[in-house]
Amino acid sequence: MLSYRHAFHAGNHADVLKHFVQVQLHQYMNQKDTAYTYIDTHSGAGVYALDSNFATKNAEFDTGIGPLWGRTDLPPALAEYVDLVKGMNPSGKMRYYPGSPWVADQMTRPEDRLRLFELHPADSKILADNFRKAEAHKAEQGERSRGRRVMIERGDGFMSMKALLPPPSRRALVLIDPPYEVKDDYRKVKDALEEALGRFPSGMFAVWYPVLQRMESRQFADRLKRLPAKEWLHVTLTVSTPGPDGFGLHSSGMFILNPPYTLEPLLREVMPYLVKVLGKDAGASFLIERGTQVTGAAAARVGASGTARQPVGNARRASPLSGTGSLRLPGQAMPTRDAGAKDAARPDGGPVAKPGAAKVNAAARAKRFSRPETERPDERFDPTRSPDAGKAPRARYADERPRVPGARPERAASARPASGRPVAGTGPARPARKRG
Ligand code: SAM
């Protein structure tokens, strides 16, 4: 099923969490001189126009990048992410939002490699066009492009990732960000990670997922904790109490295997701020947990050192780990989200969520989370009709020529436009679904 289009959700609170973390993972990878490979298993279109009919449909960016745009009190780590987005919008007006491939393109160095996979025919074409335009722009500026720095392929990211691991430099950052339209995506992520860790145990793997009532989502993080990675770090951002109708995405998480040691302190600094600025009601909260592989050996090692890992921030109360951190063993009972919310202290000192407020029927909620199939916005993004039309050369945007037959897989060498300006809007309309 390929009905999901990320253009409807670009810049929402889930993107903020994901891309803020992604920026920090690149920062860490960039600390060593050795080149690394960035693998994006589910790339999307790469760049999104926030004034397109897709993005304005529900204006989800109003729950994410919007409230951060004009802030002058951003924590420094969060400011790095917001500055990257602002770099795409030199007019000062919030018009473009970067997808994960664009974040990676901006954050990586000429010697690093980007391997981008996208299954949707329209989005994979737009993604390739974006990078092609960027390359052309770079050539116009007289910069020499690096031939195979970026490879874009229309294909299944789960399958394709395997073949790339381990990378020649033995350094890789992998982002796995499927739509979760179907519950099978949860299993596929876990299976793909299991295999990837077998091939490349030291790789850094970051997974985004929606925090929903459906069982696959509730159990997902616990399943990932049991994967054979040395360490993991788990962070969730909840912006509101789930509505009784079950519509909308109120919470999402990032689960990082083999995380950089630098990330947790940054999350402690940034997550309370995100809750304060993006939180909509008393249900807003965050969770940070970390741990080591949940095996007898790992547990004993933690126990022997006397330094049981603790959930941090409001996770100390809200986390199912309740202070036992990675010592929780597989199969140990996990409280419901409601139970966690009951005790959760707002990091900003605000009121706590009411117990039971989040109770909705899991099956009904999972169903309602999806957009109706009948929703078929049929207008294409047209940069000539946008308010900034004429300010940027049209050549910087993805064109919408019909797909060239036989152009699969699509490959493009990347170039970062010297100006850091965006190169694309987004493409043709298809029914979209929210993840879940
Ligand atoms: N990572 C992107 C970002 O942060 O900007 C957003 C990706 S979006 C949530 C998920 C994308 O995965 C969609 O564009 C969808 O078409 C694509 N997709 C779905 N199944 C896929 C698969 N098996 N392999 C590659 N891409 C897939």
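1. A quick reminder before the numbers: pLDDT is the predictor's confidence in each residue, on a scale from 0 to 100. This is a predicted model, and the chain averages a pLDDT of 74, with 67% of the residues at 70 or better. The stretch to watch is residues 295-434, where the pLDDT is below 50. That stretch still has 289 contacts in the model beyond near neighbours in sequence, and I'd read them with that score in mind.

2. On to Asp177. UniProt lists Asp177 under "active site", though the entry is unreviewed. In the model, Asp177 sits in the loop that runs between β6 (172-176) and α8 (184-199).

3. Is Asp177 buried or exposed? With 25 other C-beta atoms within 10 Å, Asp177 counts as buried, because the cut-off for that label is 20 or more. Setting aside neighbours within four places in sequence, its contacts are Lys18, His42, Ser100 and Trp208.

4. Now the helix pair. α1 (residues 13-29) packs against α4 (residues 76-87) at an angle of about 105°, and the axes are 9 Å apart. So α1 runs roughly perpendicular to α4, since angles from 65 to 115 degrees get that label.

5. Which residues make the contact between α1 and α4? From α1 come His19, Phe20, Val23 and Gln24, and they meet Ala77, Leu78, Glu80, Tyr81 and Leu84 of α4. Sorted by class, the contact of α1 with α4 has 6 nonpolar, 2 polar and 1 charged residues.

Technical notes:
Residues are numbered from 1 along each chain as its sequence is written. This is a predicted model: local features need pLDDT of at least 70, side-chain atom pairs count only at pLDDT 80 or more; totals for chains, interfaces and linings use all residues. UniProt positions are given in the numbering used here, feature names are shortened, and annotations may be inferred rather than shown by experiment. Helices (H or I, at least four residues) and strands (E, at least two) are DSSP runs, numbered from the N terminus. A residue is buried if 20 or more other C-beta atoms lie within 10 Å of its own, exposed if 12 or fewer, and partly exposed in between; C-beta atoms are placed from the backbone. Two residues are in contact if their C-beta atoms, placed from the backbone, lie within 7 Å. Axes are lines fitted to C-alpha atoms, for helices over the stretch in contact, and angles run from 0 to 180 degrees between N-to-C directions. Angles under 35 degrees count as roughly parallel, over 145 as roughly antiparallel, 65 to 115 as roughly perpendicular and the rest as oblique. Ala, Val, Leu, Ile, Met, Phe, Trp, Tyr, Cys and Pro count as nonpolar, Asp, Glu, Lys and Arg as charged, and the others, Gly among them, as polar.
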